[in-house]
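I wanted to go through the salt bridges in this chain. My notes follow the structure.

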Amino acid sequence: MPEIGIGFHTDAFNSSHKSFEEALAWAQEHDVHYIEPGVIEGASWIHGLGYFPHISLIEDPVLLRRKMESYGVAFSQIDAAYPLSGRDGLTVAVPYIQKAIAWASLAGSPRVATTDGLHKPEGLDDREALDLMKRSYGEIIRVAEAHEIVVNIEVHGYFTTRPDWLAEMLDFCGDTPWLRLNLDTGNTFIAGNDPVEFAERFLDRINHVHIKDVSASLAEAVRGGATGIAISHVPAGGGVNAENIRRILGKLSAHGFDGVLSIECEGEGGPMLADSLTWLRREIAEAGFTERIPSFAAATT
């Protein structure tokens, strides 16, 4: 049976203003061994006071990795998804992502997430924006190869929710193992795609998955007119996208996917995230997966 990891994005604790360490404690309490935070460069008062469930590149990556291991938790991915499709893609996004890659290699994160912008970039036509992103990803992958970190393109924006453009983006750097796909089940759906067909097209490129359901009210209001959901306000399994997620899990299992499923939902301080976790664990068993526990975590349990 294929093994996969289960984790969550620390966005789940944004509204409850918990710290990253409180997110680690929640993971430990619920026997979750993978976590995916956003990353900022520099310091912030909200981060310093413990109201921010993400991390900063100013923190020491090795010391943070050791702290995480004491909770039995590892990074599945670091979210450095500053949009690459705009004019500031080369000047702001690229150096930020490159620093996140070098930091990730010391922190024990095997992946870094990237994406495009939610909307058509201002002042650029589509081909100009794609050419700009190709140049940007060339610079990013040069660093990723040096550090042996996978850079994932997340399905989230104007370009990445369109399958043909996403296919072009995934081939920006030729046949490299360091540029892969972060499938987002909710963003593919809200953009008006069939998430199952979308996943099937890119099965060979999927490296990490955001498990995100969609409420009926949100789907009715914006499906086909939006490209991404900041965070879902319904637990995984509790929305209109649940059957699509279930079918995608079956296809991933049949394909031998061995990455991490990262839950993205409004956690409500924990309860909604707990409901998502219960549902997902049941569904991965039905799909034929077993849940992977990192070796260091298994040794401490």
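Entry: I worked on a predicted model. I asked how many salt bridges it holds. The count comes to 15.

**Entry: Glu21 and Lys67.** I looked up this pair and found a salt bridge, with the closest N and O atoms 3.2 Å apart. It links distant parts of the chain, the two residues being 46 apart. Glu21 sits in helix α1 (residues 20–29), and Lys67 in helix α3 (residues 61–70). Next I checked accessibility.

**Entry: Glu243 and Arg246.** I found a salt bridge here as well, with 2.5 Å between the closest N and O atoms. I noted Glu243 as partly exposed, at 42% relative accessibility. Arg246 is partly exposed too, with a relative accessible area of 32%.

**Entry: Asp126 and Lys120.** I logged a salt bridge between these two, the closest N and O atoms lying 2.8 Å apart. For Lys120 I read a relative accessible area of 43%, so I filed it as partly exposed.

**Entry: a network.** Which residues are linked by salt bridges in a network? I listed Arg127, Asp131 and Glu168.

Conventions:
Residues are numbered from 1 along each chain as its sequence is written. This is a predicted model: local features need pLDDT of at least 70, side-chain atom pairs count only at pLDDT 80 or more; totals for chains, interfaces and linings use all residues. Side-chain values use heavy atoms; hydrogens and water are left out. A salt bridge is a side-chain nitrogen of Lys or Arg within 4 Å of a carboxyl oxygen of Asp or Glu. Helices (H or I, at least four residues) and strands (E, at least two) are DSSP runs, numbered from the N terminus. Buried means under 20% relative accessible area, exposed over 50%, partly exposed in between (1.4 Å probe, protein chains only).
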